[in-house]
Amino acid sequence: MSGAGAAAARQMLRLSDPEDVAEQAAQWLLAVALGTEGPFVLCLSGGETPRPLYQRLAAPPYRAAFPWERTHVFWGDERFVPHDDPRSNFRMARDTLLSRAPLPSQNIHPVPTAASARAAAIAYQRELALFYGSEILTRARPLFDVTLLGLGADGHMGSLFPGDEALCQREGWTAAVVGPDGLERIALTYPALDNSRRIAFLVTGAQKSAALARLMRGDRALPATYLRPAGEIRLFVDAAAAQELETL
């Protein structure tokens, strides 16, 4: 597990429902993007939770206000399936956001899903390093301005699952992993995730409530407990996901 450095400050916003989470996250993300000079580098989350956020960003008023021309998007994880597969994180982002927002095609950096999962992980690290301009990450110059993450009911984030050997990775920025469902995935590791200026969790639904309470208690079995980004960790949480927090 990662444990170097002081824990990042966490700020939680307790909101009413998934739509409120999406709206507040969109407002915050727009403000951060407009306040960032030069390229704005966004690392997207997969799964279903960020869908309402992506749909908002691709619609008025965010579509016209967001600085798409200087925004670059990467992915925190990807299932090792073709990009047109319904399970693909790239496909979900493409269908809800990338095909609707005026984002230059050269600014979209999907995880490759050809050859093997291990080869894809190596290729994506190469892509990240090429964009970053170095094979060595430094906290003084974060790789990502914002990294979006979800929190699984089992406590996983991205495709980093509790107990997986990828959690011990200290050198590589990416790893090939196998999820509990047996599906191969490519995941960013702590070195890359921690090289984020800000991390934002989107957590919705009662099925996430126990995991969220464990995270806020600092449960050391949860991968998210060990995140040490360059800046803050912000949590956008709906009422259903926050219900067990009342006991803390």
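1. The charged end of Arg141 sits over the ring of Tyr132, 3.9 Å from the ring centre. A charge counts as over a ring if NZ of Lys or CZ of Arg is within 6 Å of the ring centre and within 35 degrees of the ring normal.

2. On the source: the model is predicted, with local features needing pLDDT of at least 70 and side-chain atom pairs counting only at pLDDT 80 or more, while totals for chains, interfaces and linings use all residues. Residues are numbered from 1 along each chain as its sequence is written, and side-chain values use heavy atoms, leaving out hydrogens and water.

3. There are eight aromatic pairs, where rings of Phe, Tyr and Trp (its six-membered ring) pair if their centres lie within 6.5 Å. The ring centres of Phe66 and Trp68 are 4.5 Å apart and the planes stand at 35°, so this pair is tilted; planes under 30 degrees apart would be stacked, over 60 edge-to-face, and the rest are tilted. Phe66 is buried, at 4% relative accessibility, and Trp68 is buried at 3%. Buried means under 20% relative accessible area, exposed over 50%, and partly exposed in between (1.4 Å probe, protein chains only). One aromatic cluster is formed by Phe74, Tyr124, Phe131 and Phe144.

4. An open sheet is built from three strands in the order E4-E7-E6, with antiparallel pairing. Helices (H or I, at least four residues) and strands (E, at least two) are DSSP runs numbered from the N terminus; two strands pair if DSSP finds at least two bridges between them.

5. Five bridges join E6 and E7 (residues 184-188) in the antiparallel sense. Ala176 has Ile186 in E7 as its bridge partner. Helix H5 (residues 117-132) packs on the sheet and touches E6 and E7, its direction making about 155° with that of E6. Axes are lines fitted to C-alpha atoms, for helices over the stretch in contact, and angles run from 0 to 180 degrees between N-to-C directions.

6. Thr225 lies in the loop between helix H7 (209-216) and strand E9 (233-238) and is buried, with a relative accessible area of 10%. Its side chain reaches the backbone oxygen of Asp219 at 2.6 Å. Leaving aside neighbours within four places in sequence, Thr225 is in contact (heavy atoms within 4.5 Å) with Arg10, Leu215, Gly218, Asp219 and Arg220.

Methods:
A polar contact is a pair of N or O atoms within 3.5 Å; within protein, one must be able to donate a hydrogen and the other to accept it, and residues adjacent in sequence count only if both atoms are side-chain atoms.
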